[in-house]
Amino acid sequence: MSNNNLFQPFQLKSLHLKNRFVMAPMTRSFSPQGIPTSDVASYYGKRAAADVGLILSEGTVINRISSSNDPDVPHFYGHKALEGWQKVIQEVHQAGGSMGPQIWHMGIMPDHHSGWRPASPFEGPSAYNSPGLANGKAMTTDDIDAAIRAYGDAAAEAKRLGFDCVELHGAHGYLIDQFFWKATNNRTDSYGGETLAERSRFATEVIKEVRRRVGEDFAVIIRLSQWKPADYHYKLAQTPQEMEQWLLPLSEAGVDIFHCSQRRFWEPEFEGSDLNFAGWAKKITGKPTITVGSVGLDGEFLAAFAGESSQPSPLDELLRRYDRGDFDLVAVGRALLADPQWVQKIEQNQMDKLKGFSKEALAQLI
Ligand SMILES: Cc1cc2nc3c(=O)[nH]c(=O)nc-3n(C[C@H](O)[C@H](O)[C@H](O)COP(=O)(O)O)c2cc1C
């Protein structure tokens, strides 16, 4: 099967991409005091120079005191951190690439392994990160309003600095997802409720504010996952109808692209169809989608944290689904973390030169 179709350009609003490959957002914790260094800029610059169509940054946190549990995760606020990001986007653009920051608030978190803590308690829809793990406080409506404004500020800064889009991190059990999930959102005000649609109010307000701040022509992506770190098999939406009630309001609020996080892209979302999450999101909303999860590798990413290595694997199933129109873009995580040249090797059919992934790659910015 030919890889050529994935090397077609993609255009949407502010995005003009040379191909369909996206670097997945990956936290690296190499930004002391929240400030991206020149090593961070060259790490992303190398991927841009080696033909990654769109780079999504590691999660970078908004201006709330407790938005992060890690002192080395980059901020997306404050003069010094934004100056660091300015250098990142300059280097990416000089290398011919496109990039958007992944805007993040972690919500309620366990403490960092170093014992570091932010200066105020973690905040979320409730005090819970997951059932049984409380570590912070439920947000007041003033906290919620301020957090929504902070998402908007970060998006406006992204546009001002010259980034090509923004991605909102609405997945993997962090703040926005904590609002979606019944187990962590037990609110009795208008940000809670029995239905997923009701619990999506925080997300829709964030999206509307971001849209208001960046204007109509700037691409806004949202990353979503059904699974939670506390429960890999959990599904927020149990049926296509529930997924419709979840995604349509987000789409109407102003999302341009849905980034549908799975651990293995080939896994069907619901019984009776082989469509994956990105396939369903595209069918339901009619908007472009990004798929992700073990593209080009034979093992999945959470096992990687436990030290498992992954070997290169063929792209035939990915291409079959792409050619069928299930999704528009393909995000690649570990393969690109370990090898900046991964996309070029695919383009030049140098399958024997692919490296796979082993956890040693996490120890430094390659
Ligand atoms: C080291 C590492 C850090 C990650 N950090 C983030 C993150 O900051 N935001 C996010 O949405 N996903 C994060 N992820 C998930 C990846 O974006 C991606 O969805 C996952 O690795 C699956 O893709 P892969 O199988 O190609 O690696 C991270 C993954 C890894 C391996």
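Helix 3 crosses helix 6 in a right-handed sense, a crossing being right-handed if the near helix is turned clockwise from the far one by less than a right angle, and left-handed if anticlockwise. The model is a predicted one, in which local features need pLDDT of at least 70 and side-chain atom pairs count only at pLDDT 80 or more, while totals for chains, interfaces and linings use all residues. Residues are numbered from 1 along each chain as its sequence is written. Helices (H or I, at least four residues) and strands (E, at least two) are DSSP runs, numbered from the N terminus.

Two packed helices are described by the angle between their axes and the distance between the axes. For helix 3 (residues 141-161) and helix 6 (residues 201-214), the axes come within 8 Å and cross at roughly 35°; axes are lines fitted to C-alpha atoms, for helices over the stretch in contact, with angles from 0 to 180 degrees between N-to-C directions. Helix 3 contributes Ile144, Ile148, Arg149, Tyr151, Gly152, Ala155, Ala156 and Lys159, which meet Phe202, Glu205, Val206, Glu209, Val210, Arg212, Arg213 and Val214 of helix 6. Contact here requires C-beta atoms, placed from the backbone, within 7 Å. By class, this contact has nine nonpolar, one polar and six charged residues, where Ala, Val, Leu, Ile, Met, Phe, Trp, Tyr, Cys and Pro count as nonpolar, Asp, Glu, Lys and Arg as charged, and the others, Gly among them, as polar.

Helix 8 (residues 277-285) is mostly covered, with seven of its nine residues buried. A residue is buried if 20 or more other C-beta atoms lie within 10 Å of its own, exposed if 12 or fewer, and partly exposed in between, with C-beta atoms placed from the backbone. The buried set consists of Phe277, Ala278, Gly279, Trp280, Ala281, Lys282 and Ile284, and these residues pack against helix 7 (240-253), strand 12 (257-261), strand 13 (289-292) and helix 10 (316-323). Glycine 286, with a positive phi near 75°, follows helix 8. Threonine 289, in strand 13, counts as buried because it has 23 C-beta neighbours inside 10 Å. Beyond its neighbours within four places in sequence, threonine 289 is in contact with Ala278, Ala281 and Lys282, among others including Ile257, Phe258 and Cys260.

Most residues other than glycine have a negative phi, which makes two further positions worth a look. Aspartate 51, in the loop between helix 1 and strand 4, has a positive phi of about 70°, and counts as buried because it has 22 C-beta neighbours inside 10 Å. Histidine 172, in the loop between strand 10 (165-169) and helix 4 (175-180), has a positive phi near 55°; this residue is partly exposed, with 18 other C-beta atoms within 10 Å.

Conventions. Contact = placed C-beta atoms within 7 Å.
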